Amino acid sequence: MTAASTPKGERRRHLLVVAAAELLSEGGFAAIRHRAVAERAQLPLAATTYYFDSLEELITAAVRHEAEEELAEGRRRLEELSERPPGGDEVVELVLDMLLGTDSRDGGTESVLLRYERLVGSPRRPYLAESMRDLHARLHELLAEIFRRSGMDIGRERMLELIALVDGAVVNALIESDPDPRGAARRMLRAQLL
């Protein structure tokens, strides 16, 4: 048994992952540095290299943690949809939460911009490729289930078109300095679904 596999080691490792995920969400990949993660987790700097073989491993863990949290929240909300018939606007908002993150609800560009920077920047980090493919597939499965349980007959190709529509609306809004890219995506998605 190593120190990293003890309950204390697991807690410390988890604190580092959570800290890295928070930094990722707040400042993108560039924000994840050993010292910043250790300070956020309130652990010694050496803990980052003790529990993770490389910064790449820590970044991968942070990306996975953030995505797992979002997928879990999406599944929880999907169960709520199953308990009562959802309204169309509720489905639109849940889909936007899954694609843009819940932080985008407050308006503004920062959280959406950071999310898209991470998505677009991840191919420059080959070590993330496997995780990104897995997380992307799981997100698509969740979106398909959201549409199915909402009574919307949307096949895989149509779902991919809707995702592309949201992405296009968001990127256009960011280019035009629209202060509410989620609002732009909402208008496009509502026009297609409702």
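This is a predicted model: local features need pLDDT of at least 70, side-chain atom pairs count only at pLDDT 80 or more; totals for chains, interfaces and linings use all residues.
Residues are numbered from 1 along each chain as its sequence is written, and side-chain values use heavy atoms, leaving out hydrogens and water.

Q: How do you know that the span of helix α5 agrees with its number of residues?
A: The expected span is 1.5 Å times one less than the number of residues. For the 13 residues of α5 (88-100), that gives 18 Å. The end C-alpha atoms are 18 Å apart, so the two agree.

Q: Why is Tyr-51 called buried?
A: Buried means under 20% relative accessible area, exposed over 50%, and partly exposed in between (1.4 Å probe, protein chains only). Tyr-51 has 10%, so Tyr-51 counts as buried.

Q: What makes Tyr-50 partly exposed?
A: Its relative accessible area is 46%, so Tyr-50 falls in the partly exposed class.

Q: Why is the pair of Tyr-50 and Tyr-51 called edge-to-face?
A: Rings of Phe, Tyr and Trp (its six-membered ring) pair if their centres lie within 6.5 Å; planes under 30 degrees apart count as stacked, over 60 as edge-to-face and the rest as tilted. Here the centres are 4.9 Å apart and the planes are at 85°, so the pair is edge-to-face.

Q: Where does UniProt place the "DNA-binding region"?
A: The unreviewed entry puts this feature at residues 33-52. Such annotations may be inferred rather than shown by experiment. The span is 70% helix and 0% strand.

Definitions and conventions: Helices (H or I, at least four residues) and strands (E, at least two) are DSSP runs, numbered from the N terminus.
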